[in-house]
Amino acid sequence: MSINSNIPEGPLETKWTKYKSTIPLVNPSNKRNLEVLVIGSGLAGSSAAATLAEMGYKVKCFCFQDSPRRAHSIAAQGGINAAKNYQNDGDSVYRLFYDTIKGGDYRAREANVYRLAEISPNIIDQCVAQGVPFAREYGGMLSNRSFGGTQVQRTFYAAGQTGQQLLLGAYSALERQIGMGTVEMYSRHEMLELVMIDGKARGIIARNLITGKLERHFGHAVLMCTGGYGNVFYLSTNAMGSNVTAAWKVHKKGAYFGNPCFTQIHPTCIPVSGDHQSKLTLMSESLRNDGRIWVPKKAGDTRKASEIPEDERDYYLERRYPAFGNLVPRDVASRAAKERCDAGFGVGQSKMAVYLDFKFNMMRYGRVEATKQGIENPGDDQILALGKEVVKEKYGNLFDMYKQITGEDPYEVPMRIYPAVHYTMGGLWVDYNLMTNIPGLYALGEANFSDHGANRLGASALMQGLADGYFVIPYTIGAYLSKEISTKAISVDHPAFEEAENSVREKLGKFISIKGSKSVDHFHKKLGKIMWDKCGMARNEAGLKEAIEEIKALRTEFWQDVRVPGSIDELNPELEKAGRVADFIELGELMCMDALDRNESCGGHFREEFQTEEGEALRDDNAFSYVSAWQYGENNWTLHKEELKFENIKIAQRSYK
Amino acid sequence: MSGNMNLTLKVWRQKNSSDKGRFETYKMQDISPDMSFLEMFDVLNEQLINTGEEPVVFDHDCREGICGMCSMYINGRPHGPKDAITTCQLHMRSFKDGDIIVVEPWRAAAFPVLKDLAVDRSAFDRIIAAGGFVSVNTGNAQDGNNLPISKVDADEAFASAACIGCGACVAACKNASAMLFVSAKVNQLSILPQGKPERMQRVRAMVAQMDKEGFGACTNTGACSAECPKEISLSNIAALNREFLMANLIDQEG
C-alpha cells in the first residue's frame with residue numbers, strides 16, 4: 001500500500017474552499033442506501049453521526065459506555081479554540097494555524113492544520129445554535145480566556161466543563177437523529193474486529209457487552225472515532241474505559257499507525273497519592289491563567305508554602321520563559337516541573353510535585369473588586385476575600401474537585417501539581433480526507449494522528465474533534481461514497497463476516513481458558529510502569545531497548561498467567577479489560593520502537609541524547625521531518641515515512657523565551 | 001501504600017436482570033483514607049479474583065465526577081454520605097474505621113438492574129431523543145455573537161445544563177420520578193433564545209416519554225435536588241410545570 005496524503009493542489013488559503021466545492025456529491029436518494037458505521041460517540045463520533053444522518057446517510061453508532069453522553073470528551077475542562085478575534089487582539093486564521101504548527105514543534109501537516117483553523121469559527125457558531133451555554137460577558141457577548149502557547153485570547157469556555165457542554169450539544173444532535181430513526185444507536189457495544197471485503201472496510205464485529213453476544217454489522221464506510229490510547233500508561237487522566245482496542249484491530253488489519261510515540265504529558269494534574277491509585281485527575285490548563293507555578297529556591301525545603309517568603313521562591317517558568325511565563329505549551333511546562341523535582345526542589349510528601357499558587361491573582365482580582373465596589377482603604381484580608389469570590393466563579397468546580405481528592409483547600413494553600421499522561425497526538429494515519437490507507441476506513445478526532453504534530457496546544461482537542469465530525473467528514477466522505485452508490489448492502493452471512501466473528505470468539509475464549517494466577521490489572525500496572533519510566537516524559541536509547549524486551553516478556557507472561565473470571569456470554573468487565581490490556585501491551589512495544597527510531601527531540605517526545613545546552617528539545621529537521629506511519633506485520637512492523645513540507649511557515653527552533 | 005481502616009461491606013449481588021439478588025458481606029482490611037470509594041472496590045475485586053470468586057460489576061468511567069456513569073446507593077443515599085459529589089469522588093476519609101457500609105444499585109422500575117450494581121439508564125437517552133435538543137442541522141448557524149445572551153440567562157442555562165444524567169435524582173425519590181432530570185434540560189433550552197421556538201413541543205414530548213418509561217410522579221419532596229451531585233435546583237421543576245401548563249393551554253386553544 002502506498003502512502004499518499006492526497007493534499008489538494010493550490011495555495012494554502014484556498015485549498016479547502018476549492019477542494020470542498022469540487023468533491024463529488026451523492027444525491028439524496030442514493031444517500032438513503034449508503035450505510036456508515038461510526039465507532040465511538042465522543043465529540044468526533046457524535047458530531048459525525050448526527051451530521052451524516054442529517055445529510056441522509058443511514059448511520060449506526062456504537063459506544064462501550066451505557067450512553068453516548070458518557071464518552072470521555074465529557075471530561076475536557078478548559079475550553080475550545082477558535083479564530084474569531086472577538087477580543088480584537090490580533091487573532092486570525094493564520095495566527096491559529098501558526099501557533100498550532102509551532103506548538104506541535106513542526107511535526108504536523110500544514111494543509112490539515114490550516115483547514116482546522118479555518119473551520120474553527122463555524123464550530124463555535126454551531127454549538128451556540130444548539131444551545132451550548134458558553135460563558136458570556138455582561139453585554140451578552142461570548143467570553144474568552146487564554147491558554148498555553150498563544151498570546152491571544154481565543155479560548156471559548158463553559159466554566160470548567162467545556163467538554164461536557166460541547167458533548168451534550170453533539171449528543172443532543174445525535175439523539176435527535178436517533179429519535180427520527182436515522183441513526184441506530186448501539187450503547188454498551190464494543191467493536192472487536194474490522195471486516196474487510198476485497199480490500200475495503202465493509203463492516204465490524206461488535207460485542208454486546210450485556211449479553212456477550214457477537215454481532216455483525218455491515219457498512220459502506222467505517223469511521224473510527226475511538227479516542228486516544230493514554231491508558232497504555234495505566235495511570236493517566238483518561239477515563240477507565242478509554243482504550244486502543246478498536247483502533248488496534250484496524251491497525252492489525254493493515255491501517256497504518258502514525259507517530260505512536262507522540263504522547264502529551266499534561267503539566268497540571270493532581271499528584272499520585274499511593275499504590276491504590278486508579279487514575280489521575282487533571283487541573284485545567286486554564287488555571288495557569290491565574291496561578292503562578294513555583295518551588296522553593298532551597299532544595300529539600302520542608303517548610304509549609306505559607307512560611308516560605310517571596311524572595312525564597314523560584315517561579316521557574318517565569319524565570320526561564322519570560323515572554324510566555326506560566327503560559328508556555330504543555331510539553332515545556334511538564335519538562336520544567338520534572339527538572340525541578342528531579343533536582344530535589346519538589347514539594348509535598350512525595351517531593352514529586354510543584355506549587356500552583358493563586359494568592360497573587362486573588363489579591364489582584366480583590367483589589368479590582370474593591371475599586372469597583374467603592375470600598376476605600378480595604379484591608380488585605382478583605383481584598384483576599386473579594387478575590388476568592390472572583391476565582392470561585394471562574395474555577396469553583398475545579399477547586400472543589402481538588403479538595404475532594406486531596407483533602408486540602410486550594411483557596412487557603414497552593415495546589416500541588418505534577419505532570420500526567422493526558423492525550424495522544426499519535427493515532428491512525430489518515431490522509432487529507434481523514435481516510436486511513438484502508439479504503440472506506442476513516443479516523444476522526446483523537447483517534448487520528450493528523451493535526452497536533454508532536455505536541456497539542458490546550459483547547460485544541462475539542463476544536464479538532466468537532467471540526468472533523470461536523471465540517472470535514474461530511475464533505476470528504478463524498479469522495480469515496482460517490483463511487484459506492486452501486487454497491488448493494490453486503491449480507492452479514494458473507495464468509496468474511498463469518499471468519500471475523502470466529503476469530504473474535506476464539507480470542508475471547510482464550511482469555512477465559514488461561515485460568516492463570518494474576519488479574520488483568522496486575523499486568524496493566526506493570527505495563528504502565530515500564531511505559532512511564534522508559535517511554536514517558538524523557539526517553540533514551542538504552543531505556544527504550546530495555547522497555548521493548550520487558551514488554552515482550554510481559555506479553556508472554558500475560559498469555560500464560562492472566563486470570564479472567566466468568567464467561568464470554570455475560571456482562572463481564574474483566575473480560576473487556578483483558579482484551580484492552582492485551583492490545584495495550586502490543587501498542588506499548590510499537591510506541592517504544594517509534595521513540596527509538598526518532599533520534600531527535602520534538603514536542604512531547606524528549607530524547608535525553610538530543611537537547612540544547614539549556615535543556616530544550618533539539619529537533620533534527622533534516623533527518624526527521626516526517627510522519628512515522630507503521631505497518632503491522634506478523635513478526636515485525638515496517639516503517640513508512642510521509643515527508644512533511646513546510647511551504648508557508650519558516651521552521652525554526654521553537655522559542656517561548 | 002496500605003492504610004489502617006477495617007470495614008465491613010454489604011454489597012448487592014445479582015447475576016442478571018432475572019435473578020432475585022441478595023446481599024453478600026465482605027471484610028476489607030488496611031484501607032487507606034486517601035483511596036476513593038471506587039478504588040476501595042478495585043481492591044475488593046482484586047481480592048475476589050485472587051480467591052476465585054466473581055468480582056462485583058459496577059458502572060464507572062471518568063472517575064472525576066463528570067461522566068455520570070458511576071451509580072452506587074451507599075448507606076441509603078445515592079453517591080454516599082457527602083453532598084454534591086459522585087461516588088467516584090467520594091473518598092474513604094469520609095468513613096471511620098470499623099464502619100459497616102451497605103452498597104446497592106439504583107432502585108427504580110425504569111432502571112432495571114443488569115448485574116450487581118449496574119443498571120440500565122437508557123430511558124434517559126430516550127427522553128432526550130424525544131425532544132431534548134434544538135432542531136438545528138449542522139451548517140445552519142449564524143455568528144455566535146449575533147445572538148447576545150445576558151450573563152444572567154447564560155449562567156442560569158449553564159447551571160441547568162450541568163446535569164450529568166447519572167440518575168441519582170430518580171434513585172433518591174420515593175416515587176422514582178425523573179422530573180429533576182427532565183426539567184433541567186427543558187429549562188436550559190427554554191431560557192436560551194435558541195431553544196424558544198420549539199419549547200412547547202419539547203416539553204410535551206419529553207414529559208410524554210418520561211411517563212411512558214414508567215418513572216413515578218413528582219410529589220415535591222425535594223430529595224432529588226438534595227442528592228444531586230451537581231446540585232441541580234428544584235426551581236427547574238417549577239419552571240417545567242409552568243412550561244408544561246402553558247404548552248397544554250396553547251394546545252387546547254389549538
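Trainee: How many residues of chain A are in contact with residues of chain B?

Mentor: This is a predicted model, in which local features need pLDDT of at least 70 and side-chain atom pairs count only at pLDDT 80 or more, while totals for chains, interfaces and linings use all residues. Residues are numbered from 1 along each chain as its sequence is written, and chains are lettered from A and ligands numbered from 1 in the order in which they are written. Two residues are in contact if their C-beta atoms, placed from the backbone, lie within 7 Å. Here 65 residues of chain A touch 67 residues of chain B.

Trainee: Which helix gives the largest share of the side of chain A that touches chain B?

Mentor: Helices (H or I, at least four residues) and strands (E, at least two) are DSSP runs, numbered from the N terminus. The largest share, nine residues, belongs to α6(A). Among the other elements of chain A that each supply at least two residues are α3 (43–55), α11 (380–406) and α16.

Trainee: How do the residues on that side of chain A divide by class?

Mentor: Ala, Val, Leu, Ile, Met, Phe, Trp, Tyr, Cys and Pro count as nonpolar, Asp, Glu, Lys and Arg as charged, and the others, Gly among them, as polar. The side of chain A that touches chain B has 25 nonpolar, 25 polar and 15 charged residues.

Trainee: What is the secondary structure of chain B, and what percentage of its residues is buried?

Mentor: Chain B has eight helices and seven strands, and its C-alpha trace spans about 65 × 40 × 35 Å along the principal axes. A residue is buried if 20 or more other C-beta atoms lie within 10 Å of its own, exposed if 12 or fewer, and partly exposed in between. Of the 254 residues in chain B, 53% are buried.

Trainee: How is a pair of packed helices described?

Mentor: One gives the angle between their axes and the distance between the axes. Axes are lines fitted to C-alpha atoms, for helices over the stretch in contact, and angles run from 0 to 180 degrees between N-to-C directions. In chain A, the axes of α14 (residues 520–535) and α16 (residues 573–597) come within 10 Å and cross at roughly 20°. That makes α14(A) roughly parallel to α16(A); angles under 35 degrees count as roughly parallel, over 145 as roughly antiparallel, 65 to 115 as roughly perpendicular and the rest as oblique. By class, the contact of α14(A) with α16(A) has 12 nonpolar, two polar and two charged residues.

Trainee: At what angle do α14(A) and α15(A) pack?

Mentor: The angle between α14(A) and helix α15 (residues 541–561) of chain A is about 170°, with the axes 9 Å apart. The two helices α14(A) and α15(A) are therefore roughly antiparallel. Among the residues that make the contact are A:Phe523 and A:Ile530 of α14(A) and A:Leu544 and A:Phe558 of α15(A). By class, this contact of α14(A) with α15(A) has nine nonpolar, one polar and four charged residues.

Trainee: Against which elements do the buried residues of α4(A) pack?

Mentor: They pack against β3 (80–81) and α5 of chain A. The buried residues of α4 (residues 93–103) of chain A include A:Leu96, A:Phe97 and A:Ile101. Just after α4(A), A:Asp105 has a positive phi of about 55°.
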